[in-house]
Structures are given as C-alpha cells and as structure tokens.
Amino acid sequence: MSYLATKRSRDFRRSRWQFIAVFITIALGVVMFGASYDSYRNLNVSYNGTYDRLHFADMTVTGADPGFADTAAAVPGVAVAEERAQADIPFSIDDTVLIGRIVTMPSDGQPEVNQVDVTDGAYLSPSDPTGVLIETHLAEQFDLGVGDTFEIATGAGWTTVTVRGIAVSPEYLWPARSRQEFFSLPGTFGVAFVSADAVAAAAPEATANQVVMRYDEGADRVTVDAAVTDAANAAHAADIMTQADQPSNAGLDLDLKGFEQMAIAFPILFLIAAGMAAFILLTRIVYTQRSQIGTLRASGMSRSKLTWHYLSYGLILGTAGAIVGTILGIAAGWGITGMYTQSLGIPDTIRELRWSTAVVGILFGVVTGALAALAPALAVFHASPAEAMRGEVPTTGGGHSLVETVIPPLRRLPVRWLMVLRGVGRNKLRSLSTMLGVVLALTLVLSAWGMIDTVRTLLDRQFNEIDLSDATALADRPVDDDLVAVIAGVDGVAVAEPVITLPATAKFSGDSYGTQLQAYVKDTRVRGFLTDDGALPSDGILAGVSLKDEIGVDVGDTITITFGTLETSITGPIRGFVTEPMGTVLYMERDTLLAALAAADPAVPETTLGNPTVTTVATAFVDGVDRDAVMERIHDVDGVISVVDSREVYDLVQQFMGLFYAFIGIMIVFGGAMAFALIFNTISVNVAERSTEYATMRANGLSNRRVAALITGENVLLVSLGIIPGLIVGYLAAAWMMSTYSSDMIKFNLEMRPWTLVLAAIAMIIVALLSVIPGIRTVRRLNIVEVVRERAI
Amino acid sequence: MSLAVRTTDLTKIYGEGETEVRALDGVSLEIPKGEFVVILGPSGAGKTTLLNQIGALEEPTSGTTDVDGVIVSSLNEKERTEYRLRTIGFVFQFFNLVPTLTARENIGLIAELIDGDAEARTDEVLDQVGLAERGDHFPGQLSGGEQQRVSIARGLVKNPSLVLCDEPTGSLDIETGIQILELLRTVTADGDRSVLTVTHNAIIAEMADRVIRVRDGVVVDVQVNSSPAEPSELTW
Ligand SMILES: Nc1ncnc2c1ncn2[C@@H]1O[C@H](COP(=O)(O)OP(=O)(O)OP(=O)(O)O)[C@@H](O)[C@H]1O
Ligand SMILES: [Mg+2]
C-alpha cells in the first residue's frame, strides 16, 4: 500500500465516527431507494402477473341494452366480451347478515375473462347447483371452509348454498364493494361466485347485466377504452368501468404510489444530507491539511495525484455506502414484496433481480460521494504550494454577529455568550448545512406524520361529522314508517330514520360518473353535510366535490341520474358540493327522491325500490348506552335481518392504521438518524477546528461544563434556526404528498395538528442535544499539551 | 566554478494599486555550487519570497531564475512540479509533517515519488539526521527539534542538488538549532549540493560560506566568508 493510501486510511480512522455517520446516511438513502423501488416494481409485476394469468377484465360495462356483448366484441381492439350477472344481495352467515355480491360464472369451466384461482376445494360443477365459490376474504372473515353452508336472500326467500371452493379473484385482491365504499371490510361485504342458472333464481333482475372484456394484446388502451365507452353509452349502459377505475385495482395502485414516492423523494433527501455531511467533513480535512498539501506540492508531488487523493475519500465512502445500501435494499425489497403480497393475498409473488436497481443505487452513492469531495479536491488542485511557507493563517476575520448589530445591547452579554452568537456566522457554509440537515429531517418526518394526522382527522370527520349514525338496520322487506317507528321505540335508540341508498350514475353533457345516491329525511340527524348551512336542500342534489372534475358540473346545472338496478332516470339541479374524505356520492332529500321516482318514466313506487340494501333504517343511540345490547334489541325487532355497526368500520379502519404507525415510526427513526448524522458531523468539525481555542480556554481555567455549555448553546441555536424553515418546507412537502394521493375515492387534504409541529420541533432539539454529546466528550478528553504541540506540526 | 543559482532582475509584486507590495525589486544574484548560503534580513524583507522563486513555488512578476542551467521562471506547471521533485529539497519553519503518518512514513511519502529503493534511502536519511531509532514514532510523539530533523530528512531523501530552508531553526531552542545547522552544513560537504537558509538571526551568518543581506526586496550586500565558523563556535 502506498503511503498516501496509508495516510488516507489513517485519516479515515482518525475521523471514523464522522465517516461512519456519512457512510450510514449514504447507505440508508440507497437502501430506501433499493427497497422501495424494487418492491414497487416487484409488486407491479406481481399484480400484472396475476392479472394476466387470470385474464383480469380491461373493461366492465354494467346495465347496457341486451346484446351489448356482441356490439362490444366487434369494437376494434376488443379480444373477448363476455356476459355475466352481478347482484348485491344479503348473505346470512352464522348470525350475521351482510351485503353480499353474487357474480355468475359458467358451471362447466372458467370464464374467458376474470378467472379465479381456486385455492381450496373445487371449481363449480353442473352436478352441484347449490355449490358456490366464495372469495377468500369472505372465507377468512367468517372462517368458512369447503362443505360449510350459508344462506343467500333470493326472490324466493333465504336459500342455502354450500361452499364448494375458496377462490382468489383479480377483481377482489382489495375487497372494495365500490369506489364509494373503498374501505368496505370483510364482515360487511363479501363475494360469492355462483353458476349462471343459480342466479336466475336468486336475483332475476340481475340476469346477464354485465359485460366484461379483454383487449387484444398490445391494443392502445386509451383508444379502445374510448371506443367501448361510446358503444356502451349508445347502449344505455348504467356504469362503464375501465381497468384503472376498477376499485380493487385502483386501491392497489394507490398503495403502490406510496412506494413509488418513497423510491424517489426520500432517497434524494438522504443523499443530499449525506452529500452535505461528506462535503463538510472533507472540506475540513483538506483545510487542516493544507500546509501538508503545500509541502507535498513543494516537494514535487503532482497536483493531479493530490487532487485524486482527496477525491478518492469521497469515492471510497460513496462506493462503500452504495454497495452495502444496494445489497440491503434489494434484500429488503424482496422481503417487503413477499410480506405485502402475502398480507394482501396476491396469489403471484414475482421477484426479479433488477440490475438497473443495483446500478442506479450504486451510482447514487458514488455520485453523492464524488460530488461531496469535488469542491474540497478542487481546492487542493488550486492550492498554492507557497502556502506551506506561510504557516497557519486565520481563516475568517472576526466581527460582530448580525444579531449584535441589530440589537446593540446584546454586546453587553458575557463574552463567552457573544462567542456563541458569533460562532453561528463563523463558518456560514457549515451553519447552513446544520440548518439544511434540520430542514431535510423535518421534511421526512412531517411528510410521514402529516399522512397519519390527515388520515386520523379525516376519519374523525367521516365518523363524527358526516356519518352520525351508530348502526343501520337491514330489513327483509321495503322499509316503511311502521318499521321505523318500532325501531325508534327500541330502548336506547335516540333516532331512527329511513334511508335510501341506490347505485346511481350521474350524467351531464355526455360525461358520466358511477356512484351512489343516498337519500335522508329532512333535517336528518344521522348524517351531517359539510356545507355552509349544513342542511340538505329540499329541491335538488348535493354532490361530492370531485363530481365537478369528473363530469364538469357546477352549482345550478341540472344532471340526469340513472340507476343500475332501476330501469328509469330522474333529473335534478346541483344545489351545492360537499368535501368529504371518502367517496363522491350524491345526496337528496328522501321525499324529493321518492316524488321524482314516482313522477319518472317509467315510475318507480317506493315499495319496489329493491332488495334490503336499498331501503334501510339508520339509528343513533342515546349517549352512554351499552351499544351491543341496543343492537341486539334492534336485531330482535320483527322484520330486521341484520344490524350493521357503524363504529365497527371506524374501529377496523383505526386498526388498519396500525400499519401507518409502523411506517411513521420508521420515518421518524430515519429522519432522526439523518439529522443526527449531519448535525453530529458539523459539530464534530466545529469542535475539531476550535480545539486549540477550547484547549486554551481550558488552560485559562474555564471549566469543562462551561465549555460544554458553549458548544451546546451554539449548536442548539443553529438547530433552532433550522427548525422554522424546516417546519415550513416539511408542511409543504406533506401537503404535496397528500395531494398526490387524492382522488374521487379518498380525499386527502393535509390536516396537520399544531401539536405535530411542536413535537417535531422538540424532536429536533433532542437530536441536537444528542449530537452535541460526542463533541463535548472530545473536548473533555482534549489533551491540552498535545493540542498546542500539534499546532507546531 | 559552476553556478547553483543565478537570478537576473527578479521582481515579485503582490497585489496591485494601493495595496501593491514589491516583495522583490530587481534582485540579481549568483550562488556557486557546494556552498552553505545564508539569506539575512529583517521581517518582511522578501526572504521567503526569494526562496519561493528559487523553489518555483510562485511565478515572478518579471526577471528570471536559473538553477543548474534550468530557467525556472519559464517552466510550466507540470515542469515546475518535476523540477521541485528532482532538484529541490524544502525545509520549513513549521515542519508541516502529516500528523497521521510516522516519521518514516512521512519521509517515505516523498521517497516513493522518485525512482530507486525508497525504503533504503528513507533509512539512510533517517540515520543521517540521527533518528534511526525514532522512525516509527508519530509527529506528536517527537520533540520540535526531532520533528524538524524529520522534515530535513524529508527534504534530503530525494538527494536534491539544492536545499532551501526557511527559518529552519525559527521554532527551536539554541542548542537544537545548532544541531540542525550542523546537519544542514554536512549536506554541502561533498561540494555538489548547496543549501540556502533564510534567517533573520545574524549570528547564524558566521557559519555560512556566503551571506546575502536583503532589505525591502533589494539585495543590499553579499559577503563571502573564506573561513566560516563551526556551528558549535557560534554564540547566540
Ligand atoms: N501573498 C501575498 N500577498 C501580499 N503581500 C505579500 C504576500 N506574501 C508576502 N507578501 C508581502 O511581501 C513582503 C515580503 O514577504 P516575505 O514573506 O518574503 O518576507 P520575509 O522576509 O520572509 O519576512 P519574515 O522574516 O517575517 O518571514 C512582505 O511585506 C509581505 O507582507
Ligand atoms: Mg519569511
């Protein structure tokens, strides 16, 4: 090994903690990149693998005129168009009644489109007409196995069916009932695949009401989507759903977006921090060694050799961090992919070793190291060998600090505190980098924390300001005033109101949007409306705000509403928009809707609105009652078949949030580590540079504690200066991140609690205090004699 | 008698306008080979500047420097590095040793730059400066005089024809200073190599073959000693 290499490795050892801090930051950045990018790509490939294998529909059209399948098949780019029936009807499993969905399949073999994986038992058979396949989430929730039975509500009353097999479907990887009920969880919703003849008996109105399509391989999705949409509109379709809009697919997409973002934004934060820390460290090393550099140059060592020598510090550091980071990152990516596909029950887990990820990851690290070392190395390149002859020169001139100039009385502070103030301006670049570290760390922490805050606030809003009901009762008959009155009389029930919920499509000047229409009584007490007056208009429609963008309507416009299950349509003016966290639905007053339906052509009387999920009774309880007991009593009311607990959904979503908390925990740890690395490095360099001063102060009788207080004071001051811009940048970053998640399904407008900002700021101060400790220890262990001697070297 | 150094009308101006400093103002000098030469002068006279010119650390404003027949002032950056490597050995007042390398490694670092057996030559010069035993010590473990001897060894290890010293005894006590001077003196013994030492201590001049006095960037006097004193005879 050459002596220069020896020198380098000893320099590394001498500042090992700083180098390790930089190394870890680079490695963390690359790990984040590798892990998130690879899992993002692997998950994408896994989904698509499942989609391809099971022929997931490219397009689903519901409620079009009979014969639409043939029309669709003739559209250029459509490979297959297949008819099937789908209907939402009550299931009764054990003692629970839930909204079930039956989907038909040929009994003699898998369909062409939307096939299923039968993970247990067997596929449908013509010889077993009551045998059904149940979707895996439903099986899990109710612990149903092959051979178990449950009941479905058919036109002829409850019919018993037998579980013939458990199936995984590409349509229900994320078990969402619709884009409006995105969080419909197992227990409130379930899917069963039944043979086509069985459905005729179960839900006659749903016979062959849906056409599912696969496109030609390599077909231009946009063109074919448009052509099919035109054809479907011409055939009076109630709902036209592309693959991108399909609820399960959209849900998975939304999830993947998180990975994608992490794969790019967060690693960049880390690498900036790492680059900055490395830059500070190497600049300092070059600075202290400049007289040696001058001597070596004077002795005939070439400029390029020395420049390369210092550049190599950054390259070695970057390469080492990148290699370790890439290996760990790819491994983590594989692990995450497996955990993810397993927890969501994605049948295919496809992991690919992507050289591009490794190459980009390593490049990230190497470039970071090289950029960090570039400026110091260039300083070496331009260093004058004559400097060696001049010995030590003070770097920066003294001077009053800015605050002293602005507030002159500050000058009367004890000199050592003036030192603290002046220390901030002493090496501006380094002070800036400490502040930058704080800004970056806060950005990382706040964008994660902002997500939690937002989801929590929005959930609270959804369940405390919008959905005011405690439970909803489903009946075996169309709900009438008598039933409402009986339920209202149940002990513990404060409010009982009839509610109508209809699958609906809003149409306006050629555009349409499939959603739900909900109707409540005047002055309802089970639903809140986030408008100025909080009231439901009696002469029109209130809509989710996303409808503006979806079909281009505004207040005053008249829209047409068609219904998936009813062969009629109504019109009405938009009276206002509500901003709700979940879904984009239409609201009307119950009497207004009933009047409109009665006046429609053909007219729909209240009693023929449909199955028990359409007319329900929403209830609110008396404060402080035993909820379970009240629901039990409602369940006992004659005609009630099921009581759905509104809170249960809330609790389940809260549980679901557990994952988010783990995520934010990791982000806070990472952000803290990053801030620590950067602040630690700057402080170490500060202390090292001033060791003579500190040694001299110690020699002159200043106690260790006072010196420690000086160092702490200066650095906490610096960190505090970084906190303000950090909170601002972090808030904006969080808002931006949230906005990228927003859609008509879930509206994420950043809702950050003030406390979050306070806690994040406190966390930064704590990190600052922790990062000062090594510096203070160095000063405490400073050998005064040695420091003074080293000056002469 | 061949010349080691010849400068002609050498001028070096720092800064410009109001802040202009004429560190060297038309210096013409001739220094024969094999001499131990002392450059004397008060602080700010231009001694270090002159040394920097001869050592090709800086470019002159005007005039030429000729060392061993090489016009130093006309060399380009690469040639100057090469020139310093082959011809010049530097010794500074501040020893400028790499604190993370041992004495032997500090010397080896330079020895490696030229052809031949670096290790053998390192041992040789370490022995020459009387530090054979201390080669594995780090600078922080050596006394000031010892550190200066390491830096002289570093200057000598390339076997330069011209050794340039800028106040080599400046941060040392008398006794150690004398030891260092004795050491430098021996370098010229074979008549091939020359040593140029800057100082503002007039007493050192007594041991020189030639004394050049500088003031305000101008050579004011050149004095040749036919019988220089032994360093041990010097009184400070
Ligand atoms: N880089 C520079 N910029 C401006 N002036 C300079 C520079 N270097 C040296 N000088 C000036 O040139 C003059 C000669 O400096 P030089 O270092 O050669 O003096 P010196 O004789 O070596 O003094 P000393 O004995 O104190 O070391 C001084 O006035 C000095 O201030
Ligand atoms: Mg000088």
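Q: What should I know about the numbering and the model before I start?
A: Residues are numbered from 1 along each chain as its sequence is written, while chains are lettered from A and ligands numbered from 1 in the order in which they are written. The model is predicted, so local features need pLDDT of at least 70 and side-chain atom pairs count only at pLDDT 80 or more, whereas totals for chains, interfaces and linings use all residues; side-chain values use heavy atoms, with hydrogens and water left out.

Q: How many residues of chain A and chain B are in contact?
A: Contact means heavy atoms within 4.5 Å. Here 30 residues of chain A are in contact with 37 residues of chain B.

Q: What area is buried between chain A and chain B?
A: Buried area is the accessible area (1.4 Å probe) that two parts lose on being put together, summed over both. For chain A and chain B this area is about 3000 Å², and carbon and sulfur atoms give 62% of it.

Q: Which residues form a salt bridge between A and B?
A: A salt bridge is a side-chain nitrogen of Lys or Arg within 4 Å of a carboxyl oxygen of Asp or Glu. The rule finds one across this interface: A:Arg10 with B:Glu105, whose closest N and O atoms are 2.5 Å apart.

Q: Which helices of chain A supply the side that touches chain B?
A: Helices (H or I, at least four residues) and strands (E, at least two) are DSSP runs, numbered from the N terminus. Helices H1 (3-14), H8 (290-298), H9 (303-344), H11 (387-390) and H23 (784-792) of chain A each supply at least two residues of that side. The largest share, seven residues, comes from H1(A).

Q: At what angle do H8(A) and H9(A) cross?
A: Axes are lines fitted to C-alpha atoms, for helices over the stretch in contact, and angles run from 0 to 180 degrees between N-to-C directions. The axes of H8(A) and H9(A) cross at roughly 150 degrees and come within 10 Å. A:Ile293, A:Leu296 and A:Arg297 of H8(A) meet A:Arg303, A:Leu306 and A:Tyr310 of H9(A).

Q: How do helix H14 and helix H22 of chain A pack?
A: H14 (residues 428-466) and H22 (residues 754-781) of chain A pack at about 145 degrees, with axes 10 Å apart. Their contact has nine nonpolar, one polar and one charged residues.

Q: What does the salt bridge of A:Asp117 and A:Arg53 tie together?
A: The side chains of A:Asp117 and A:Arg53 meet at 2.7 Å, N to O. A:Asp117 lies in strand S5 (residues 117-121) and A:Arg53 in helix H2 (residues 16-53) of chain A, so the pair ties together parts that are 64 residues apart in sequence.

Q: Where is A:Pro602 found?
A: A:Pro602 is in the loop between helix H17 (590-599) and strand S19 (615-621) of chain A. The peptide bond from A:Asp601 to A:Pro602 is cis, with omega near -5 degrees.

Definitions and conventions: Nonpolar A, V, L, I, M, F, W, Y, C, P; charged D, E, K, R; others polar.
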